[in-house]
Amino acid sequence: VEDWMQAAGAQVEIHPQRKTGDCVLGRWAGASGAGGKPITLMAHMDTVWPLGTLAERPVRVESGRLYGPGALDMKAGIVIALAALRGLQVMNLVPAAPVNLLCTGDEEIGTHESRALIRFLASQSQLVLCLEPAIPGGALKTARKGTGSIHLTARGRAAHAGADYAQGINAIEEMAHHILSLQALTEYARGTTVNVGRIRGGIASNVVPDTCEIVADFRVTQPAEVERLRAALQTLRPRHPQAQVEVELDVNRPPMPRDVRMAETCARVQAIARRYGWELGEGSAGGASDANFTAAMGIPTLDGLGADGEGFHALHEHVVIESLPQRAALLAAILHNW
């Protein structure tokens, strides 16, 4: 990625990370006299797939689609950004403002290390464009859910399931009540879901378990819903008088609602696209991205500038190949006309 950025005329910085892949930041100058705040492009180099997946499922091209782990989410976004910037260079066109292209290495695991750099660059930017995949068909993403996790631990008392059963306090039984309470916090009308997705407890079937732990994923469309969940969790009390319950709520990414700023930013990009005969749609996504961070800062942000395709995080993940030059041209048009 560093080599490709340099070939496209960028000044490149490597930002070392302690636990995850280093961040690669390319900077391009804008038009003469176009100083001021840059446009920041965001992409991530990591994927959800473990090492060895590529050997098991090599990249293949079939019926106009390129299949491969991470091809859509989001190797294609990096390629599109670099092709757009290289294309402007080859055509002797320049962006209307300075451009940053930030490629990070920890988006799929929560963006814990690169988050500070993302926020720093966004704070200096007039516009942030995220190269995550488009909505199938090519629409932009103007709303995303916020994400977080709930960690709940129930503590009881271990005992032999035969000889001393009455002396035990079953932590799994205690947790069963709270699992139903957490699932009941889902409110489809509000766009909120709570999913208990992981549970661990006990050491053997003949031992009354003294500990049970669960992790739940939650998704919200509005910031107020985080506070509703937090308030509900604060009311949790042990069902068994001698059991204990501990709960933690962690917000990973704030929601990205379609507010006035988002609508205005989308309309401006749609107007640019129409100059070239393109009609851009928009929509919402249930997943989150690094765009959630920048939108929450009040920075004009758009997501879904990446490739068209389907199956990210799935075995049939693929890119519609003809969308690659189309999306690169769209991005180049935005950068040149913004």
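**Entry 1: lining of the largest pocket**

I sorted the lining of the largest pocket by class and found 8 nonpolar, 11 polar and 11 charged residues. Here Ala, Val, Leu, Ile, Met, Phe, Trp, Tyr, Cys and Pro count as nonpolar, Asp, Glu, Lys and Arg as charged, and the others, Gly among them, as polar. The model is predicted: local features need pLDDT of at least 70 and side-chain atom pairs pLDDT 80 or more, while totals for chains, interfaces and linings use all residues. Residues are numbered from 1 along each chain as its sequence is written, and side-chain values use heavy atoms, without hydrogens and water.

I looked up the volume of the largest pocket, which is about 640 Å³. Of its 30 lining residues, Glu108, Thr147, Asp217, Arg219 and Arg253 are the closest to the centre. A pocket is an open set of points on a 1 Å grid over the protein atoms alone, where a 1.4 Å probe fits, with protein on both sides within 12 Å along at least five of seven lines; lining residues have an atom within 4 Å of a point. Grid points are joined across faces, edges and corners, and the volume is the space filled by probe spheres set on the points.

I noted that strands E8 (140–144), E9 (146–155), E11 (193–201), E13 (211–220) and E14 (244–253) each supply at least two lining residues. Strands (E, at least two residues) and helices (H or I, at least four) are DSSP runs, numbered from the N terminus.

**Entry 2: the second largest pocket**

I read a volume of about 330 Å³ for the second largest pocket. Val59, Pro69, Gly70, Ala71 and Lys75 are the closest to its centre among 18 lining residues. The lining divides into 12 nonpolar, 5 polar and 1 charged. Its largest share, 4 residues, comes from H3.

**Entry 3: helix H3 against helix H9**

I found that H3 and H9 pack at about 55 degrees, with axes 8 Å apart; axes are lines fitted to C-alpha atoms, for helices over the stretch in contact, and angles run from 0 to 180 degrees between N-to-C directions. H3 is therefore oblique to H9, as angles under 35 degrees count as roughly parallel, over 145 as roughly antiparallel, 65 to 115 as roughly perpendicular and the rest as oblique. The contact (heavy atoms within 4.5 Å) includes Ile80 and Leu88 of H3 and Leu331 and His336 of H9. Its residues divide into 12 nonpolar, 1 polar and 1 charged.
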